[in-house]
Structures are given as C-alpha cells and as structure tokens.
Amino acid sequence: MIRLANVVKTFNAGKHNQFTAVNDVSVEIQPLNLTVLKGPSGSGKTTLLSLIGCMSRPSSGRIFLHGIPTRFAPDSEDSFEITSLPERFLNEIRRSTFGFIFQQFNLIKGITVLENIMLPAYPSGENHASLRKRAEQLLEMFDMQRQGSSKVEWLSGGELQRAAIARAMINNPSILVADEPTAHLDSNLSMEFMKIIATLKAEGKTILIASHDPIVYDSTIADTIIEMRDGRITNAGSEA
Ligand SMILES: Nc1ncnc2c1ncn2[C@@H]1O[C@H](COP(=O)(O)OP(=O)(O)OP(=O)(O)O)[C@@H](O)[C@H]1O
C-alpha cells in the first residue's frame, strides 16, 4: 500500500502568497486496487498525486510504500519511506515504480509515437533495440502498430490517449497515476479508457486516478473513492 502520514504541501512558504494545497493528509491507498481521488477544482488532487508520484516533496509529513516492489527492493514486503530518499534515488523510484498519464497527455509533437513511448525509459540506459521492442509490444497491445511511425500531431483523440497509456507503461510500473485522464475525451473514449484501466488492474497494477468525471468515479472497477476539499481528505475511502 501507499501510506501517507500527516502530509503537508505549502507553496511559497514565508511569502505573502503562501498557500497550503495539501493540508495534513493521512491516508492509505491499497495495492492492486483502483483508487479514485475526487474533489472540486483546486482541492489539491494534482498536488497530492505529484507528492505520491515522487515529482515533488512534501513540506512535512511522510510517505511510505508497503509491499510494493521497487527497483531498490524488488521483492520487499517491507515498508519503504520515499520521503527520506535523496533526490537521485527519488528520481529512480519515480521512473521505475510509477507510470504517469496527464490531463493533456503531454506527448511531444514533432517526434513519432514510438519515440514518445520510449522516452521515459531513456534515462535507464537500456539497450535501444530491446527498448524499441518493448515499445512495439505496447503499441501492439493497444492496437496502435500502424501509428508507431506517425507524428503525435496526426493522431486522433483516442489514439493520443492510448499512446499516452502506452508511454506510462514503458517502464513496467507497479503504480499507474493518472490526473484527469478523461478531461478531454468524449464519453465513448472515456469508457474506452476505463476498459483499458480495467485490463491493467487485472494485470496487477495499482492505479490511482484524480478525476471529477462520473465515468471514472462511478465505474464498477473503482474500488475506493477518496474525497478531497481545500487540501484535506473529507472522505478517506468510501467503497465505490
Ligand atoms: N506551484 C504552485 N504554487 C502556488 N500554488 C499552487 C502551485 N501548484 C498548485 N497551487 C495551488 O494549489 C491548489 C491546489 O491545486 P491542485 O492543482 O492540486 O488542485 P486540483 O484539485 O488538482 O485541481 P483541478 O481539478 O483543477 O486540477 C490550487 O489553488 C493551486 O492554485
């Protein structure tokens, strides 16, 4: 599980525009589950995801991974505190443990779909041929073989979405984090997205999605809904 203990994130500390976006959050996110983080705009969902995903550090509080394999402890059932890690290990944990899907998908224009999918794996220094093979397998899994050599700007909305999911999967992460992944999709594509999420969950991924889309939080595959407001958790785990 991912366990947060009294996590606080304050921006611009000590300045006139100081703002606490995440305020004393303590919560447990169960492994192999789909957890949906729900709450109004500005409630702190993205900030919380970035703390969990090792993209930023809390101002105070601690975050632990329990029994989630990481590159440093592949079989560990132990507790592993990510908030105490030095920067380079934090980057390493982020790359190897988490896959990210962003609201705008953040695919890079001007390069091909295949190159986009391979990008998050480059820092690992993996042999290019084996990396390319893995990226091609992901394209195949998402029925996107034909688009591998296409530029991102040529893709349809659904293809963009699948390319973004494939990119998130390139390092075979145990935890998939998605921030408002359906915000720019119509209902059909949003349901399509949830089908892919169901498959990934069945394959053993731990999935955390921030969303105020009922297609996501009312989905039958959502295990737990965590509600946030004004940086605080207002409901830590209603059954979906
Ligand atoms: N780097 C920053 N500096 C100052 N304030 C910030 C920063 N990042 C986020 N905030 C503020 O923190 C609050 C929470 O933002 P956050 O993006 O986490 O909310 P959210 O729940 O994800 O919202 P949305 O649903 O609109 O994406 C917002 O008021 C935002 O303006």
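**Figure 1. Strand 6 and its parallel partner, strand 7.** In this predicted model, strand 6 (residues 98–101) is joined to strand 7 (residues 175–179) by four bridges, and the two run parallel; strands here are DSSP runs of E of at least two residues, helices are runs of H or I of at least four residues, and both are numbered from the N terminus. Two strands are taken as paired if DSSP finds at least two bridges between them. Within this pairing, Gly99 stands opposite Leu176 of strand 7. Phe98 and Phe100 point one way from strand 6, whereas Gly99 and Ile101 point the other way, and all are buried; a residue counts as buried if 20 or more other C-beta atoms, placed from the backbone, lie within 10 Å of its own C-beta atom, as exposed if 12 or fewer do, and as partly exposed in between. Residues are numbered from 1 along each chain as its sequence is written. Because the model is predicted, local features need pLDDT of at least 70 and side-chain atom pairs count only at pLDDT 80 or more, while totals for chains, interfaces and linings use all residues.

**Figure 2. Val177 and the largest nonpolar core.** This core holds 61 residues, of which Ile117, Ala163, Val177 and Leu208 touch the most other members; a nonpolar core is a set of buried Ala, Val, Leu, Ile, Met, Phe, Trp, Tyr and Cys residues joined through C-beta atoms within 7 Å. Helix 5 (residues 157–169) gives the most to this core, with seven residues. Leaving aside neighbours within four places in sequence, Val177 is in contact with Leu49, Ile52, Gly53, Phe98, Phe100 and Leu208, where contact requires C-beta atoms, placed from the backbone, to lie within 7 Å.

Figure 3. The strands follow the order 2-1-4-5 with antiparallel pairing. Strand 2 (19–29) and strand 5 (79–81) stand at the edges with a single partner strand each, so one side of each is left without a neighbour in the sheet. Neighbouring strands of this sheet are turned by 25° against each other on average, direction ignored; axes are lines fitted to C-alpha atoms, for helices over the stretch in contact, and angles run from 0 to 180 degrees between N-to-C directions. Three bridges join strand 4 (residues 60–66) to strand 5, and His66 stands opposite Ser79 in strand 5. Helix 1 (residues 45–52) lies across strand 1 (2–11), strand 2 and strand 4, running at about 60° to strand 2.

**Figure 4. The shell around the ligand.** The residues around the ligand are Phe11, Asn12, Phe19, Ala21, Gly39, Ser41, Gly42, Ser43, Gly44, Lys45, Thr46 and Thr47, each with its C-beta atom, placed from the backbone, within 6 Å of the ligand. Strand 2 and helix 1 are the elements that give two or more residues to this shell, and helix 1 gives the most, with three residues.

Figure 5. Most residues other than glycine have a negative phi. Leu32, in the loop between strand 2 and strand 3 (34–38), has a phi near 65°, and Asp230, in the loop between strand 9 (224–229) and strand 10 (232–239), has a phi near 50°. Leu32 counts as partly exposed because 15 C-beta neighbours lie inside 10 Å, and Asp230 counts as partly exposed because it has 13.

Terms used
Two residues are in contact if their C-beta atoms, placed from the backbone, lie within 7 Å.
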